[in-house]
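Welcome! Please take a look at the sequence and the fold shown here before reading on.

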Amino acid sequence: MLQKLIDQLSKLLSLLMVAALALMVVLVFTNVVLRYAFNSGLTLSEELSRWLFVWMTFLGAFVGLHDKGHLGTDTLIAKLPVAGKKVCFLLAHVLMLFCAWLIFRGSWDQVVINYETTSPVMEVSMAWFYASGVVFSVLAGLILSHDLFKLLAGRLSEGELIGVRESDDMPHGDPHP
């Protein structure tokens, strides 16, 4: 059930990222046209685009974590026995949970510090800007904790113990025919 919720959340956030990217394109393009053609511009464009980019980065990191799409190497892990793969999986996830905690703590501190500070153009609390790190770290912690639970419950296959997935961009077959 939790996996289904995480999958749905990942799809929803992917759609939000598409909408944010589309809005960024419209804002920046409109601003460029207004500046060059009419010698004016949208003051909101630069600041909102920057905010959307930061949110897209953190949401994209969550989606990448969900899809196991982050960079990694599996040369050593693939050669280990199952017990070794499990130990490496456990260590890697504990370290990633620690990193998520650090991001959460730092982002939360920034949310608290900047709660009453407003952005120069939109005049919105800067806490919303830094909340992107909080949202990412909580969601990443959810995925990582769920993966650890599946490991400890014995519900991970040997293939799932290797956190690297083949890229569609990689050439297949013999590179020197």
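## About the model

This is a predicted model, in which local features need pLDDT of at least 70 and side-chain atom pairs count only at pLDDT 80 or more, while totals for chains, interfaces and linings use all residues. Residues are numbered from 1 along each chain as its sequence is written, and side-chain values use heavy atoms, leaving out hydrogens and water.

## Aromatic pairs

The structure holds five aromatic pairs (ring centres within 6.5 Å; planes under 30 degrees apart are stacked, over 60 edge-to-face, the rest tilted; for Trp the six-membered ring is used). One of them, Phe58 with Phe136, is tilted, at 5.9 Å centre to centre and 45° between the planes. This pair links distant parts of the chain, with Phe58 in helix α2 and Phe136 in helix α5, 78 residues apart (a helix is a DSSP run of H or I, at least four residues, numbered from the N terminus).

Phe104 and Trp108 form a stacked pair, at 6.3 Å and 10°. They sit four residues apart in helix α4, so about one helical turn separates them.

## Cysteines

The structure holds zero disulfides (cysteine sulfur atoms within 2.5 Å). The sulfur of Cys99 is 16 Å from the closest cysteine sulfur, in Cys88, which is too far for a bond.

## A buried charge

Glu47 lies in helix α2. Glu47 is buried yet has no salt bridge, and Arg50, the nearest side chain of opposite charge, is 4.2 Å away. Here buried means under 20% relative accessible area (1.4 Å probe, protein chains only), and a salt bridge needs a side-chain nitrogen of Lys or Arg within 4 Å of a carboxyl oxygen of Asp or Glu.

Notes: Helix = DSSP H or I, 4+ residues; strand = E, 2+ residues; numbered from the N terminus. Buried < 20%, exposed > 50% of the residue type's maximum accessible area, 1.4 Å probe, protein only. Lys, Arg positive; Asp, Glu negative; His and termini not counted.
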